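Good morning, colleagues. Please look at the model as I speak.

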Amino acid sequence: MKKIISVVGARPNFMKVAPLHYEFLKHTDRIQHLICHTGQHFDEKMSKIFFDELELPEPDFYLGVGSGSHAEQTARIMLAFEKVLLTENPDLVIVVGDVNSTMACSIVASKLSVKVAHVEAGLRSFDRTMPEELNRLVTDVLADYLFVSEKSGLRNLKNEGISNDKIFFVGNVMIDSLVRFTSKIDRSEILKSLDLENSGYVLVTFHRPSNVDSFESLKALTNLLNRIAILRKVVFPVHPRTHKNLMNYNLADIFNPNIIITEPIGYIDFQKLTKHAELIITDSGGIQEETTYLGVQCITVRDSTERPITAEVGTNQLIGADFQKVETTALEVLNGNIKNGNIPELWDGKTAERIIHTILEKI
Ligand code: UD1
């Protein structure tokens, strides 16, 4: 029997590990799959609701590291995860995505000579001011098995000199969750409860430090939303980082009444809102992919994307943090000038199956 520990830390990790977990359940004769939650995200609405809705079991290990500076958070994760590995001595650690937990646990496992698999390897924004880019680079250089979601990842890893026999093009595991929960998402009552059943609306999320940590950009963002709200209802589930900054800069009360401000929204309701939105304006990584799969118009307010396929073949439009240009593009979309999209290769709901097939072969 082989023991595998998957690491989750922050909100975008949960929908990536869930499909792996269900797939491992088909192989309980060979694999004991354990889940370690670092506690990087800890709120009910940033964490617990995702475990419930994605039908994940309670984590086997909860490290409770909470927030802090990057060094503090990373160090706390490393200290706690090292203890888990020393006690459990697993055959493989799986990390997903690009958050601090991903990098911290990769370092700990590698130093203890435990094999590391990175799911969502090879993505690069080429912007080293993003903490996620540093996390990706470190994780990929350490990982033994690199599972890639889109072709750009293959090119990037090759350019960085990572040996071909460690790299596996398997598709996008997050889409597995979307596919699995389609009917649950369709049954969500969120449109009814926000009174959106009979009106078009724009869904908005912002949490990148580059967009929400300074007064100037946060003010520009609120101005943008207020202008869009003249035309359409706007739904704005507010991330804790953004909420904190809106409060600190006294910007929380200047929203047009046509903007529906909510707390962070759980997986199922959020996907329902995504599916039925006329347009999403976001700085998220994962939402660029979910909208691409769902064929929903997406404007990404960032200077770069580590997911170029979403702009190349999907519905994503990458607009830098130029809020005037975002507004012009948003108006074009709302006027029906729509960017057509296709679904990228292997985003088919079967990525976890391919990953586990490879893992079973390798370990
Ligand atoms: C983290 C990830 C980012 C990911 C995002 C999704 C890193 C470097 N960043 O950013 O890649 O896109 O998650 O949400 O790993 N907070 C709460 N409750 C929570 C979680 C956080 O109040 O459950 C507060 C924290 O106290 C902190 C702020 O929100 O002040 C930001 O949390 P943090 O974990 O530092 O990073 P995110 O911005 O969420």
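Predicted model: local features only at pLDDT ≥ 70, side-chain atom pairs only at ≥ 80, totals over all residues.

I begin with H239: an N or O atom in its side chain is 2.9 Å from an oxygen atom of the ligand, a polar contact being a pair of N or O atoms within 3.5 Å. Taken alone, the ligand exposes 750 Å², and the protein buries 88% of that; these areas come from the Shrake-Rupley method with a 1.4 Å probe.

Residues are numbered from 1 along each chain as its sequence is written, and side-chain values use heavy atoms, with hydrogens and water left out.

Two further histidines deserve attention. The side chain of H41 places an N or O atom 2.8 Å from a ligand oxygen, and H207 has a polar side-chain atom 2.9 Å from an oxygen of the ligand.

How many residues surround the ligand? There are 21, and H41, S67, E132, R241 and K244 are the closest; a residue is counted if one of its heavy atoms lies within 4 Å. Seven of the shell residues are nonpolar, eight polar and six charged, with Gly counted as polar and Asp, Glu, Lys and Arg as charged. Finally, domain 1 (2–171 + 347–362) and domain 2 (183–334) each supply at least three shell residues, the bounds coming from an automatic or database assignment.

Conventions. Polar contact = N/O pair within 3.5 Å; in protein donor to acceptor, adjacent residues only side chain to side chain.
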